[in-house]
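These notebook entries record what I looked up in one structure. I begin with a single residue and then turn to the sheet and the helices.

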Amino acid sequence: MVYYCDNQILIRDLRPSDAQGITDEEIAQGYQAKIEKYQMRLQHQVDGKSISLVAEYKGNIAGYINVYPNSKWGAFGNQGYPEIVDFGVLEKYRRNGIGSKLMDIAEQISVKYADVVYLGVGLHSGYGSAQRMYIKRGYVPDGTGVWYGDKICEQYADCKNDDDLVLYLSKNLRGR
């Protein structure tokens, strides 16, 4: 399914052939990417657990995002709220409006399921642009503090500033 198309950006469902392309591009930019992550997202889509999207920019895979309509994880897990998971734009395609358009579509999908959508954002500097984008889009901290893995990181607990250290943010999609 195609969700958006203009002269440069196309947003559509993730396809099996995309998994290798995304993995190769992420490895080329220095990430420790594994194809299994994208294969899992594809399976979740087939199983009806997620809506997994890819953005193309001028015909090239440029980014991806996933919406889990009834997420089981994180600050709002098992409460009937959609979660935006694993959002990224390849470095060479950033600053072309791709991330904003992916988020627009993810929010349009999410509002079909609930008034609130949430996401977890990493805390290290690699997530700096994402942190700024979410705040500009109206996402606010959920109030549970920092999470490590799948649980709240208790006050004064030791943790590691890696991709598993996140802050959950939510947004009211109906503007209330």
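**Entry 1: two residues**

I looked up H44 and found it buried, at a relative accessible area of 13%. By the definition used, buried means under 20% relative accessible area, exposed over 50%, and partly exposed in between, with a 1.4 Å probe and protein chains only. The model is predicted: local features need pLDDT of at least 70 and side-chain atom pairs count only at pLDDT 80 or more, while totals for chains, interfaces and linings use all residues. Residues are numbered from 1 along each chain as its sequence is written, and side-chain values use heavy atoms, with hydrogens and water left out.

I placed H44 in helix 2; helices (H or I, at least four residues) and strands (E, at least two) are DSSP runs, numbered from the N terminus. With neighbours within four places in sequence set aside, H44 contacts K49, S50 and Y68, where contact means heavy atoms within 4.5 Å.

I then turned to Y4, which belongs to strand 1. Its relative accessibility is 23%, so Y4 counts as partly exposed. Apart from residues up to four places away in sequence, Y4 touches I9, L10, I11, K101 and I105. I also noted that the C-alpha atoms of Y4 and L102 are 9.2 Å apart, although 98 residues separate the two along the chain.

I traced an open sheet of 9 strands with mixed pairing, in the order 1-2-3-4-5-6-9-7-8. Two strands pair if DSSP finds at least two bridges between them. Strand 1 (2–5) and strand 8 (151–152) are the edge strands, each pairing on one side only. Strand 8 runs antiparallel to strand 7 (residues 140–148), with 2 bridges between them; Y148 is opposite K151 of strand 8.

Next I followed the pairing around strand 4. Strand 3 and strand 4 are antiparallel and joined by 7 bridges, and A55 faces G63 of strand 4. Their hairpin has 2 residues between the strands, and K58 there adopts a positive phi near 50°. Strand 4 also pairs with strand 5, antiparallel, over 5 bridges. Here G63 is opposite V89 of strand 5, and Y64 has G88 as its bridge partner.

Which of these strands are covered?

The partner of E83 in strand 6 is Y118. Strand 5, helix 3 (residues 98–110) and strand 6 form a right-handed β-α-β unit; a crossover is right-handed if, with the strands pointing away from the viewer, the path from the first strand over the helix to the second runs clockwise.

**Entry 2: the helices**

I checked how helix 1 (residues 18–28) meets helix 2 (residues 35–46): they pack at about 145°, their axes 8 Å apart. Axes are lines fitted to C-alpha atoms, for helices over the stretch in contact, and angles run from 0 to 180 degrees between N-to-C directions. The contact involves A19, Q20, I22, T23 and E26 of helix 1 together with I35, K37, Y38, Q39 and L42 of helix 2.

Finally, I found helix 2 lying across strand 2 (9–13), strand 3 (51–57), strand 4 (60–68) and strand 5 (83–89), at about 50° to strand 4.
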